[in-house]
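Hi everyone, thanks for coming. I'd like to walk you through one model today, so please have the viewer open and follow along.

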Amino acid sequence: MGCHQEKTNWIRLAKLDDCGEATFGSYRSWLAKHPSALDSFDEMMGFAQGKNIAVFLDYDGTLSKIVADPDKAFLSEKMRKVVQNVALHFPTAIISGRRLEKVSGFVQLEEVYYAGSHGMDILTPSSGSSKYRGNNNIHHNTTINEKGTKFVHFCPAQQFLPTIQEIAKRLKEKTNDIKGSMIEDNKFCVSVHFRSVKNKDVSILKTMVEQTMEEYPNLRISEGKKVMEIRPDIEWDKGKAVEYLLHTPGFITKPTASSDVVPIYIGDDKTDEDAFKQAIECMGGGLSIVVSSTPKVTFASHSLRDPNQVEAFLRRLVKWKKALQLPPT
Ligand SMILES: O=P(O)(O)OC[C@H]1O[C@H](O[C@H]2O[C@H](CO)[C@@H](O)[C@H](O)[C@H]2O)[C@H](O)[C@@H](O)[C@@H]1O
């Protein structure tokens with residue numbers, strides 16, 4: 001799928017950051033380059049009008065506020081309702097670093113597609129993506145839920161499962177004495193949390209993790225928000241997960257040319273940059289929105305300050321769609 005020729009100003013602006021421009025002094029000057037998706041709503045929807053919008057959402061820091069205890073990052077009832085409404089009007093997926101069961105357990109919406117482990121565990125009700133499925137079932141496992149519905153898990157890092165389980169166990173033992181640290185087993189990746197670790201112990205923890213990782217050359221570490229994320233070193237990320245879902249039969253119901261699809265991706269973290277960059281910029285043009293209240297280097301074209309603004313944006317998106325469906329007066 002080639003890059004879209006007709007780039008709008010904001011997409012070109014986002015590309016400047018791609019070139020390494022990081023000279024933003026204040027939030028205000030940064031905002032000039034990554035305008036508020038609420039302030040630019042009409043302009044953005046002008047770009048999307050007449051095309052099929054698909055909505056992709058990150059979970060932590062985007063739909064739920066960042067909290068000290070990762071097990072308590074619950075979704076508010078208000079946000080659940082809004083996401084449900086979005087999913088009733090647009091194909092919608094949540095792509096999280098969490099294990100799939102954990103994020104779907106937090107969200108509890110049947111209308112939404114889910115991808116866990118930074119896109120390395122994608123659940124679809126159909127037979128999976130035609131593009132990736134090919135003639136064999138490699139990486140695809142079928143499951144049937146309690147209601148008898150058939151689902152397919154696409155797990156491109158399946159062969160790493162024993163290694164991930166091993167490293168999660170080893171890190172739990174090793175870091176046991178570091179107060180406030182927490183190892184979260186996200187199935188195909190592991191999070192080492194240090195938000196509640198005393199400053200003086202953070203570097204000790206990081207060294208411990210890095211030393212352990214030396215024995216696992218097929219894994220890599222990336223750093224998120226007060227968390228080290230350990231994952232298989234494969235060419236698969238949230239951007240690839242977006243592409244997979246866009247090729248999944250049934251996700252976008254109206255068959256259409258790929259250039260008629262406008263993915264909107266909203267996320268707050270480094271792993272979301274893969275989706276901003278690869279999926280949004282090179283799939284016929286999409287809309288990428290970073291959630292941040294401070295300036296940061298990003299491929300995203302637009303921004304929102306926090307989950308409250310995400311909620312407001314999603315609410316407005318539904319209202320916009322409903323207005324389009326009204327018969328002319
Ligand atoms: O892709 P995401 O859904 O954004 O997942 C990224 C990581 O999010 C979670 O950690 C972050 O949120 C926690 C709860 O607010 C917070 O305590 C932590 O400091 C943040 O880093 C999740 O727990 C991680 O496993 C994910 O990798």
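At their contact, 17 residues come from domain 1 and 15 residues from domain 2. If you sort the domain 1 side of that contact by class, you get 6 nonpolar, 6 polar and 5 charged residues. Before going further, please keep in mind that this is a predicted model.

Now the ligand. How many residues surround it? The answer is 24, and the closest are Asp60, Pro70, Ser96, Gly97 and Ser191. Looking at secondary structure, β8 and β10 are the elements that give two or more residues to this shell. By class, the shell around the ligand divides into 7 nonpolar, 8 polar and 9 charged residues. And where does the ligand sit relative to the domains? It lies between them, because domain 1 and domain 2 both give residues to the shell.

**The sheet with β8 and β10**

Those two strands belong to an open sheet of 4 strands, in the order β7-β8-β10-β9, with antiparallel pairing. At the edges you'll find β7 (182-185) and β9 (219-224), each of which pairs on one side only. From one strand to the next, the twist averages 20°.

As a quick reminder, strands of a sheet pair through backbone hydrogen bonds, either parallel or antiparallel. Here, strand β8 (residues 190-193) and strand β10 (residues 227-232) run antiparallel and are joined by 4 bridges.

Helix α7 (residues 161-174) lies across β7, β8, β9 and β10, and runs at about 20° to β8. Helix α8 (residues 199-213) lies across β8, β9 and β10, running at about 10° to β10.

**Two backbone angles to look at**

Glutamine 108 has a positive value, with phi near 55°. You'll find glutamine 108 in the loop between α5 (100-107) and β3 (113-116).

Histidine 118 also has a positive phi, of about 55°, although it is not a glycine. Its place is in the loop between β3 and β4 (121-124).

So, buried or exposed: which is glutamine 108? It counts as exposed, because it has 10 C-beta neighbours inside 10 Å, and the cut-off for exposed is 12 or fewer. Histidine 118, on the other hand, is buried, with 29 other C-beta atoms within 10 Å, where 20 or more are needed.

**The whole chain**

Let me finish by zooming out. The secondary structure of the protein comes to 11 helices and 13 strands. Of its 329 residues, 42% count as buried. Finally, take the contacts between residues at least 6 apart in sequence: 64% of them join residues at least 24 apart.

Technical notes:
Residues numbered from 1 in each chain as written. Predicted model: local features only at pLDDT ≥ 70, side-chain atom pairs only at ≥ 80, totals over all residues. Pairing = 2+ DSSP bridges. Axes fitted to C-alpha atoms, helices over the stretch in contact; angles between N-to-C directions. Contact = placed C-beta atoms within 7 Å. Nonpolar A, V, L, I, M, F, W, Y, C, P; charged D, E, K, R; others polar. Near = placed C-beta within 6 Å. Domains from an automatic or database assignment.
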